Amino acid sequence: MPKNKHNQIIIDNLIKNLKKRHMEGHFFNDKKELLTYLDDELKNGEVIASGGSVTLKELGVIDYIKDRNDLEYLDRNNGKNREEVLDIMRQAFNSDSYFLSTNAITRDGVLVNIDGNGNRLSALIFGPKKVYVICGTNKICDDVDSAYQRVKNIASPPNCIRLEKKTPCATTGKCENCLSPDCICNQVVFTRNSRDEGRIKVLIVDGEWGY
């Protein structure tokens with residue numbers, strides 16, 4: 001089918017462009033293939049952490065990590081108060097592997113993300129030994145401009161609704177460039193290259209996953 005061939009061309013070129021940016025790219029047809037890949041990747045005794053992500057939950061990644069008795073998962077949901085949660089977030093910088101999704105990725109391999117606390121993107125930038133960025137093909141955009149628009153108007157509003165944030169976008173459905181105390185768009189990060197070869201691994205799963 002021409003459409004399937006076209007999609008494969010996009011994926012193949014994206015993986016080549018990620019390699020140019022010193023990031024690894026891998027494509028999976030479904031979540032079963034993804035979790036099988038993680039069987040080999042994650043080693044006994046590793047300390048694992050993650051950012052908040054609907055994509056990771058939908059793909060079963062968080063449950064998979066928790067179910068592996070040979071891994072130590074730094075689960076911020078175990079924090080009894082905000083100080084404990086923040087402490088777990090800080091511990092994540094010393095983790096062996098960090099998991100997150102990306103709000104968008106361009107065809108030429110640039111990751112585009114917005115964050116509220118900044119812990120997720122801080123870990124992407126520096127700290128954990130390995131970073132796994134997992135996303136669906138729905139996150140692929142033509143360029144940085146369209147990726148940024150996707151983040152603001154497709155990813156962020158439903159996230160604010162999910163998190164019950166009192167932001168304008170939760171009411172209007174589109175970014176209002178707010179400075180609300182509940183704003184989840186406090187940091188904007190464009191990851192165009194990885195200084196450490198292969199530290200960032202981008203795992204792309206066919207289909208629509210997350211926001």
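Ile200 touches Met23, Glu24, Leu111, Leu124, Val131, Val133, Thr191 and Ser194, leaving aside residues up to four places away in sequence; contact here means heavy atoms within 4.5 Å. This is a predicted model, where local features need pLDDT of at least 70 and side-chain atom pairs count only at pLDDT 80 or more, while totals for chains, interfaces and linings use all residues. Residues are numbered from 1 along each chain as its sequence is written, and side-chain values use heavy atoms, without hydrogens and water.

**The cores**
- The largest nonpolar core has 25 residues, and Ile105, Leu111, Leu124, Val133, Ile200 and Val202 have the most contacts inside it.
- A nonpolar core is a set of buried Ala, Val, Leu, Ile, Met, Phe, Trp, Tyr and Cys residues joined through side-chain atoms within 4.5 Å.
- At least two residues of this core come from each of α1 (2-20), β2, β4, α6 (119-125), β7 (130-136) and β10 (200-205).
- With four residues, α1 gives the most to this core.
- Another core lies apart from it, with 21 residues that include Phe28, Leu34, Tyr37 and Leu38.

- Helices (H or I, at least four residues) and strands (E, at least two) are DSSP runs, numbered from the N terminus.
- In β2 (residues 47-50), Val47 and Ala49 on one side and Ile48 and Ser50 on the other are all buried, meaning under 20% relative accessible area (1.4 Å probe, protein chains only).
- Two parallel bridges pair β2 with β3 (residues 72-73), where pairing requires at least two DSSP bridges between strands.
- Ile48 stands opposite Tyr73 in β3.
- β2 also runs parallel to β4 (residues 97-100), joined by three bridges, and Ser50 stands opposite Phe99 in β4.

Definitions and conventions: Buried means under 20% relative accessible area, exposed over 50%, partly exposed in between (1.4 Å probe, protein chains only).
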